Amino acid sequence: MATTLIRGGRLLDAASRSAPPVDLLVTDGVITALGAPGLAAPADAEVFDATGTLMHAGLVNGHTHGSTNLSKATHDRWTLELLLSGSGEWAANQTRSHKYLNTYIGAVEMLQKGCTTAYDLTFGFPLATVDELYAIGQAYVDAGMRAVVAPMLQDVSFYKAIPGLYDALPASHKAQVDASGGDTGFILRSMEEALKHWPHDPAQVKLGIAPTIPLHCSDELTLGCVKLAAEYGAQTQSHVAESKVQAVAALKRWGKSLTAHFDDLGMLGPNFTVAHGVWLDDDDMRRLAAKGASVSHNAGSNMRLGAGIADSRRMLELGVNLALGTDGAMCADNQNMYEAMRYASMVSNVRTPDYEQWLSAPEVFTAATQGGARATGFDKAGRIAAGCVADIVFLDLQSINWIPMNDPVNQVVLTEDATGVRDVMVGGKLVVRAGRHVGSDMARLAQDAQAARDEVATANTDGKHLAQAIERAVGSFCIGLCREPFHLHRYGGPLGL
């Protein structure tokens, strides 16, 4: 039995906006006692000196894409739909080693920035084989991080998912566009094989299911995902109402919202998370709350892709569990959950001049910890309390962000930018020490990443050219959908189109 006494630190109490001195006792990766300085411990306990640090629960990234870390910051002005249309430029022709490396880079970044758990909507079928999914899971194991690895599944092509889009493409390029969708039976069989033989400890890395966007999934695929999730107890997540294009297209296709359609098919439940939810209305939110579902609010990505501003306050009012996420490196550019918290705080302020409706710092921090823990199904994460896993971040109180310390939860949410992260534990094991990921050769990682990036870029030259050739057609068609009347307005200003 391994026992560690963490002595000398100050523990963030977000609810009381305080940070009293607290000692922690950790046994076999679980917090077993908390107490005032001088807490009794077994004589053989290893002592970890937390003097001069603020301790808080490891942050939980409620929505990211480990598949995009080799492609960070490759574009500036593009929407969600242009990103999807350009997938042949970045998602195709990646080997198993590329997919492992993509994931590992993101895990190291998140850990160094105080995030200990991630919900990763990773490479989907047929883009990832079962063995590749196992390798992606291994990347999190090797980095020392908790994760839900959920491959994105679809059997309807992006170009057929949005009514009218395929017909709007230039005739000269239609033959080059993959509009055939996927083999539903193959996707579901592969997903079940991966679930049945998952080789990793689910207490650290577990396999989830991600029907990527409701519009991209046939009813057969969605129902198959519902069945597999129930049989294997898997977490599920989908991009729901991320953009107005999706919201309008759902009405054209089904005469109802994306949430209502998924609800009709049995997808909603305590293990289900909506990614983004920008264009959810009250009825959608009530459906989610009634079923115990979650929303991962990804404020930075929503701004980056021009998707709009989600009504996070209304989600909380109606009882939806709120998590926070960064989204992937192609539409957030980094995996910094401190930045995600700050964005979530600020975008709630610009929705209304009524400051009492703004998200408070404790609400934001709770979403980034306990809310994310509930969404990922790691219910013993997200808190520093007896019986919880020892996923702990130690912030250096001598870093400039903490000179001086005023309200500690305000400073975690609004001031900290990850430069103050000194040490990070996952399950009581030190995975970041003095700001550096334990066990990683960063020079070698940079070299390997650059080589992989160049290989993928070379292999996907044709995909890049195709995306450029049809960008205007896709962009113009989707702007046209955004001009159509809708009962919600989620943009930061008038539509102005």
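Colleague: How many aromatic pairs does the count come to?

Modeller: A pair of aromatic rings is described by the distance of the centres and the angle of the planes. Rings of Phe, Tyr and Trp pair if their centres lie within 6.5 Å. By this rule the number of aromatic pairs in the predicted model is 7.

Colleague: Is the pair of phenylalanine 48 and phenylalanine 394 stacked, tilted or edge-to-face?

Modeller: The two ring centres are 5.0 Å apart, and the angle between the planes is 50 degrees. Planes under 30 degrees apart count as stacked and those over 60 as edge-to-face, with the rest as tilted. The pair of phenylalanine 48 and phenylalanine 394 is therefore tilted.

Colleague: How many residues apart are phenylalanine 48 and phenylalanine 394, and which strands hold them?

Modeller: Phenylalanine 48 is buried at a relative accessible area of 9%, and phenylalanine 394 is buried as well, at 0%. The pair links distant parts of the chain, with phenylalanine 48 in strand β5 (residues 46-49) and phenylalanine 394 in strand β16 (residues 392-396). Their separation is 346 residues.

Colleague: How are the rings of tyrosine 134 and tryptophan 198 arranged?

Modeller: Their centres lie 5.8 Å apart and their planes meet at 70 degrees. This pair, too, joins distant parts of the chain, since tyrosine 134 belongs to helix α4 (residues 130-143) and tryptophan 198 to the loop between α8 (184-196) and β10 (205-207), 64 residues apart. Both tyrosine 134 and tryptophan 198 are buried. Because an angle over 60 degrees counts as edge-to-face, the arrangement of this pair is edge-to-face.

Colleague: Which ring has the charged end of lysine 99 over it, and which has lysine 160 over its face?

Modeller: The charged end of lysine 99 is 5.0 Å from the centre of the ring in question, which is that of phenylalanine 123. For lysine 160 the distance to the ring centre is 4.8 Å, and the ring there is that of tyrosine 166.

Colleague: With which side chain does the side chain of aspartate 263 make a polar contact?

Modeller: Aspartate 263 is in helix α11 (residues 258-264), and at 16% relative accessibility it counts as buried. Leaving aside neighbours within four places in sequence, aspartate 263 is in contact with Leu268, Arg287 and Lys291. The polar contact, at 2.6 Å, is with the side chain of lysine 291.

Colleague: What is the relative accessible area of threonine 212?

Modeller: Threonine 212 is in the loop between β11 (210-211) and α9 (219-232). Not counting residues up to four places away in sequence, threonine 212 touches Met152, Leu153, Gln154, Cys217, Ser238 and His239. Threonine 212 is buried, and its relative accessible area is 7%.

Conventions
Residues are numbered from 1 along each chain as its sequence is written. This is a predicted model: local features need pLDDT of at least 70, side-chain atom pairs count only at pLDDT 80 or more; totals for chains, interfaces and linings use all residues. Side-chain values use heavy atoms; hydrogens and water are left out. Helices (H or I, at least four residues) and strands (E, at least two) are DSSP runs, numbered from the N terminus. Buried means under 20% relative accessible area, exposed over 50%, partly exposed in between (1.4 Å probe, protein chains only). Contact means heavy atoms within 4.5 Å. Rings of Phe, Tyr and Trp (its six-membered ring) pair if their centres lie within 6.5 Å; planes under 30 degrees apart count as stacked, over 60 as edge-to-face and the rest as tilted. A charge sits over a ring if NZ of Lys or CZ of Arg is within 6 Å of the ring centre and within 35 degrees of the ring normal. A polar contact is a pair of N or O atoms within 3.5 Å; within protein, one must be able to donate a hydrogen and the other to accept it, and residues adjacent in sequence count only if both atoms are side-chain atoms.
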